[in-house]
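User: Hi! Could you walk me through this model, one question at a time?

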Amino acid sequence: MKYYAQVKIGLKKGILNPEATTIQKALALLEYEVKDTDTLKIIKFELDEDNEEVAYKKVDEMCQRLLCNPVIHDYEIKIISK
Amino acid sequence: MRVGIIRFPGSNCDRDVFHALKIAGGEPAYVWWDQKDLSAFDAIVMPGGFSYGDYLRAGAIAAITPVINGIKEVVSEETPVLGICNGAQILAEVGLVPGVFTVNSNAKFICKWTDLKVKTKRTPFTSMYKKNEVIKMPIAHAEGRYYCEDIEKLHDQDQIVLKFEEENPNGSMEAITGVCDETGLVCAVMPHPERASETILGSKDGLKFFKGIINY
């Protein structure tokens with residue numbers, strides 16, 4: 001079965017996000033007063049696995065081994081059958 | 001003393017490290033990222049640069065290359081390993097030293113001379129300095145802000161190697177910019193000792209990092 005995988009990676013709560021801080025300051029320059037700005041990274045790909053559960057496990061493994069750094073990141077996996 | 005200098009696509013301080021090791025009296029040689037056997041070397045240096053374009057996170061892709069298995073193997077045989085700048089980021093990504101070096105608090109690339117305090121002399125690379133000696137070396141990075149989950153453990157196990165003195169340019173936790181593993185043989189520093197290894201460069205305070213390897 002072909003699956004679409006989407007991994008959404010964000011910083012753990014309490015970890016400083018300088019990119020988000022900079023964006024929020026820039027928005028303020030345009031006179032948009034916003035709070036709690038955050039940035040996330042999304043990685044998408046296709047994979048071929050027997051079922052959704054196996055696909056999820058595989059993607060989770062990828063997150064642990066490469067896509068995320070467990071010291072600072074949280075992640076969310078979405079698997080959609082094609 | 002044969003010292004392997006690891007090269008990845010995007011490494012750019014390899015030749016500077018080679019030169020500094022020569023001045024220090026070592027026999028440096030380049031090692032490409034696909035080499036798995038590093039047993040011919042007495043020490044390893046991972047130089048700075050932008051391996052794999054810093055894609056994903058600085059050091060993340062270099063951290064899964066075959067040469068890393070070779071490094072893990074020689075580490076288990078007590079071969080000293082020094083990671084400088086991108087090399088430090090890679091060692092942290094691999095988990096050979098605790099914590100991470102992530103985006104600077106001001107979100108900028110910082111390139112400047114810094115005053116640093118040597119916090120431990122138990123690593124081969126800092127063995128020739130005095131404890132708490134202040135030395136001058138440059139930094140050049142966008143992802144150098146040190147963060148770790150268990151700072152107490154670093155204190156308890158004497159794993160803090162270098163700290164910024166007076167100012168903390170990148171927002172590192174407790175101004176830490178160099179750490180080592182529990183044995184002290186694997187050391188990761190963001191400042192560049194090779195760029196401070198001759199008077200003509202502005203300082204030769206960094207040369208003892210390399211002399212320390214040769215004397216080990």
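Analyst: Gladly, beginning with a term: two residues are in contact, or touch, if their C-beta atoms, placed from the backbone, lie within 7 Å. This is a predicted model, where local features need pLDDT of at least 70, side-chain atom pairs count only at pLDDT 80 or more, and totals for chains, interfaces and linings use all residues. Residues are numbered from 1 along each chain as its sequence is written, while chains are lettered from A and ligands numbered from 1 in the order in which they are written.

User: Which residues does B:A88 touch, not counting residues up to four places away in sequence?

Analyst: B:A88 belongs to the largest nonpolar core, which has 68 residues, and is among those with the most contacts inside it, together with B:I44, B:L91 and B:V186. Such a core is a set of buried Ala, Val, Leu, Ile, Met, Phe, Trp, Tyr and Cys residues joined through C-beta atoms within 7 Å. Buried here stands for 20 or more other C-beta atoms within 10 Å of a residue's own, exposed for 12 or fewer, and partly exposed for in between, with C-beta atoms placed from the backbone. Leaving out residues up to four places away in sequence, B:A88 touches B:G83, B:F101, B:A188, B:V189 and B:M190.

User: Is B:C180 buried or exposed?

Analyst: B:C180 is found in strand β10 of chain B; helices (H or I, at least four residues) and strands (E, at least two) are DSSP runs, numbered from the N terminus. Beyond four places in sequence, its contacts are B:V97, B:T123, B:Q159, B:V161, B:V186 and B:C187. Because 32 other C-beta atoms lie within 10 Å, B:C180 is buried.

User: Why do the buried residues of α1(B) line one face of the helix?

Analyst: In helix α1 (residues 14-24) of chain B, the buried residues are B:D14, B:V17, B:A20, B:L21 and B:A24. Viewed down the axis of α1(B), they line one face of the helix because they fall within an arc of 125°. That arc is taken over the directions from the helix axis to the C-beta atoms. So the value behind the one-sided pattern is 125°.

User: What covers the buried residues of α1(B)?

Analyst: Just after this helix, B:G25 takes a positive phi of about 100°. The cover over the buried residues of α1(B) includes, from chain B, β1 (2-7), β2 (27-32), β3 (43-46) and α5 (207-215).

User: What is the phi of B:A175?

Analyst: Most residues other than glycine have a negative phi. B:A175 lies in the loop between β9 and β10 of chain B and is partly exposed, with 19 other C-beta atoms within 10 Å. B:E174, in that loop too, has a positive phi of about 50° although it is not a glycine. For B:A175, phi is also positive, near 60°.

User: Which strand gives the most to the side of chain B that touches chain A?

Analyst: On this side, 14 residues of chain B are in contact with eight residues of chain A. With three residues, the strand that gives the most is β5 (residues 100-103) of chain B.

User: What radius of gyration does chain A have?

Analyst: Chain A follows the pattern β-α-β-α-β along the sequence, and its C-alpha trace spans about 50 × 25 × 15 Å along its principal axes. A compact globule of 82 residues would come near 12 Å, by a rule of 2.2 Å times the number of residues to the power 0.38, with the radius taken over C-alpha atoms. Chain A has 16 Å.
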